[in-house]
Each structure stands twice: as structure tokens, then as C-alpha cells.
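Work through the exercises below with the model open. Each task is followed by a solution in steps.

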Amino acid sequence: MTVVWIVVLVIVLLLVVGAIWAFNGMVRRKQRVAEAWSQIDVELKRRHDLIPRVVETVKGYAAHERGVFDEVTQARAAAISAGRDGNAADVAAAENTLSTTLRSLFAVAENYPALRAVQSFLDLQEQLMATEDKIEYARRYYNGSARDYNSAIQSFPRVLIARPLGFTPVGYYAGTEADREAPAVDFAPPPAGPTG
């Protein structure tokens, strides 16, 4: 009987050690997702802080473009509001809208050569572009961390303990629709020039 009890004790001990190991692994992955989200949040805050400065600079040269300024301001407010919830899908949608309105703002700026020559505007534009690059990097890191975490909590045998212990899947931070579209490619020959 003692051999049976030793075998049972070893099996129970292995199950407990395995459960602890799985739990700690899920906690590490969840913390990595939180860290990755924090990096996105920092860059989005920087972006949100730069936008009013860009709008004010453009306003000085293109005051009659009021509709574009209002759209950017409203999109920024919606993005900040979405960021308070921390839901990756909502934040991504709001930030994508903000990106679209920023493109409109920079399209307006293109119509004003004097504005494009102002160093402060060029500096702000460069800072905003650098921030966009950092957001893209942080988004990729977050999505990789989310993938690893979601895979860990949904794979066997962790799935048996993940839900009861409060581990739920997290959403991905999706890019813009423009990021998902394939670029248009036209293989048609150029129109023939005048023949003479």
C-alpha cells in the first residue's frame, strides 16, 4: 500500500507543480500584454499632445479651413475618450479616425507653401511622424504579446485553469483600413504621346 500512496503523492505533486508553472506563465504573459499596452498609451498621449500645436500652427496660415480643424479636434477628443476605457478595438477605431482627419489637415497644409516653409511646423510634423512610427512599433509589440497570451490561455491544459482563475483573451490593436488594403497596381501601358 505504501508504494501506491507514494505514486499517488508524486502524481498529485506533479499536478500541483504543473498548475503553478502554468499559472505563473499566464501571469507573465498577461503582464507583458499590459506593458505593451502601456507603451502604446504613452505614444498615443504624445500624439494627442502634439496635435493641438499642429492645428494652431496651421490655423495661423489657413484660418478659413475651420471644418478641418473641427474634425481633427473632435477626432482627438474621441480618441482620448476611447483611451480611457482601455479596449484595444475601440482605441484602434478612434485612432484610425484621428489618423484620417490628420491626413486631411496635412493635405490642407500642402496648399500653403508659406506654412510648409515655417520651421516650427516642419518640426511638429517631423515629431508627429516619429510618434506615428513609435505607435506602429508599439502596436506590433502589443499584438505579438496579445497573440502569445491568448495562445497560452487557450491551449491545453492551461485552458482548464485559465478561465476559472480570471484569465480572459485580450483584443488586438488593429491598424487602419488603409494598412489592410493592397496597393493598386496598374500594368496598363502609358498612353501614347502625339505622333508626328
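**Exercise 1. At what angle do helix H1 and helix H3 pack, and how far apart are their axes?**

Step 1. Helix H1 covers residues 2–59 and helix H3 covers residues 88–110. Helices are DSSP runs of H or I with at least four residues, strands are runs of E with at least two, and both are numbered from the N terminus. This is a predicted model, in which local features need pLDDT of at least 70 and side-chain atom pairs count only at pLDDT 80 or more, while totals for chains, interfaces and linings use all residues. Residues are numbered from 1 along each chain as its sequence is written, and side-chain values use heavy atoms, with hydrogens and water left out.

Step 2. The angle is about 30°, and the axes lie 12 Å apart. Axes are lines fitted to C-alpha atoms, for helices over the stretch in contact, and angles run from 0 to 180 degrees between N-to-C directions.

Step 3. H1 and H3 are therefore roughly parallel to each other. The classes are: under 35 degrees roughly parallel, over 145 roughly antiparallel, 65 to 115 roughly perpendicular, the rest oblique.

Step 4. The crossing of H1 and H3 is left-handed. That label applies if the near helix is turned anticlockwise from the far one by less than a right angle; clockwise gives right-handed.

Step 5. List the contacts, meaning heavy atoms within 4.5 Å. The H1 side includes Trp 37, Leu 44, Arg 47 and His 48. The H3 side includes Glu 95, Leu 98, Ser 99 and Phe 106. By class, the contact of H1 with H3 has 14 nonpolar, 2 polar and 2 charged residues. Ala, Val, Leu, Ile, Met, Phe, Trp, Tyr, Cys and Pro count as nonpolar, Asp, Glu, Lys and Arg as charged, and the others, Gly among them, as polar.

**Exercise 2. Which residues of H1 and H2 meet?**

Step 1. Helix H2 spans residues 66–85. The axes of H1 and H2 come within 11 Å and cross at roughly 170°. H1 and H2 are therefore roughly antiparallel to each other.

Step 2. From H1 come His 48, Asp 49, Ile 51, Pro 52, Val 55, Val 58 and Lys 59. From H2 come Arg 66, Phe 69, Val 72, Arg 76, Ala 79 and Ile 80.

Step 3. Take Ala 79 in helix H2. Its relative accessibility is 2%, so Ala 79 counts as buried. Buried means under 20% relative accessible area, exposed over 50%, partly exposed in between (1.4 Å probe, protein chains only).

Step 4. Beyond residues up to four places away in sequence, Ala 79 touches His 48, Ala 94, Glu 95 and Leu 98. Ala 79 and Thr 97 are 18 residues apart in sequence and 8.2 Å apart in space, C-alpha to C-alpha.

**Exercise 3. How do H3 and H5 pack: roughly parallel or roughly antiparallel?**

Step 1. The angle is about 155°, with the axes 13 Å apart. H3 and H5 are therefore roughly antiparallel to each other. Their crossing is left-handed.

Step 2. Ala 88, Ser 99, Leu 102, Phe 106 and Ala 109 in H3 meet Phe 121, Gln 125, Leu 128, Glu 132 and Tyr 142 in H5. These residues divide into 7 nonpolar, 2 polar and 1 charged.

**Exercise 4. How many aromatic pairs are there?**

Step 1. Apply the rule: rings of Phe, Tyr and Trp (its six-membered ring) pair if their centres lie within 6.5 Å; planes under 30 degrees apart count as stacked, over 60 as edge-to-face and the rest as tilted. The count comes to 4 aromatic pairs.

Step 2. Trp 37 and Tyr 173 form a tilted pair, 5.9 Å centre to centre with 50° between the planes. Trp 37 is in helix H1, Tyr 173 is in the loop between H6 and helix H7 (177–180), and they are 136 residues apart. Trp 37 is buried at 15% relative accessible area, and Tyr 173 is buried at 4%.

Step 3. Phe 106 and Phe 121 are also tilted, at 6.0 Å and 50°. Phe 106 is buried at 18%, and Phe 121 is buried at 1%.

Step 4. Ring pairs link Trp 37, Tyr 142 and Tyr 173 into a cluster.

**Exercise 5. Which residues does a cis peptide bond join?**

Step 1. The bond joins Phe 156 and Pro 157, with omega about 5°.

Step 2. Pro 157 lies in the loop between helix H5 (119–154) and helix H6 (159–162).
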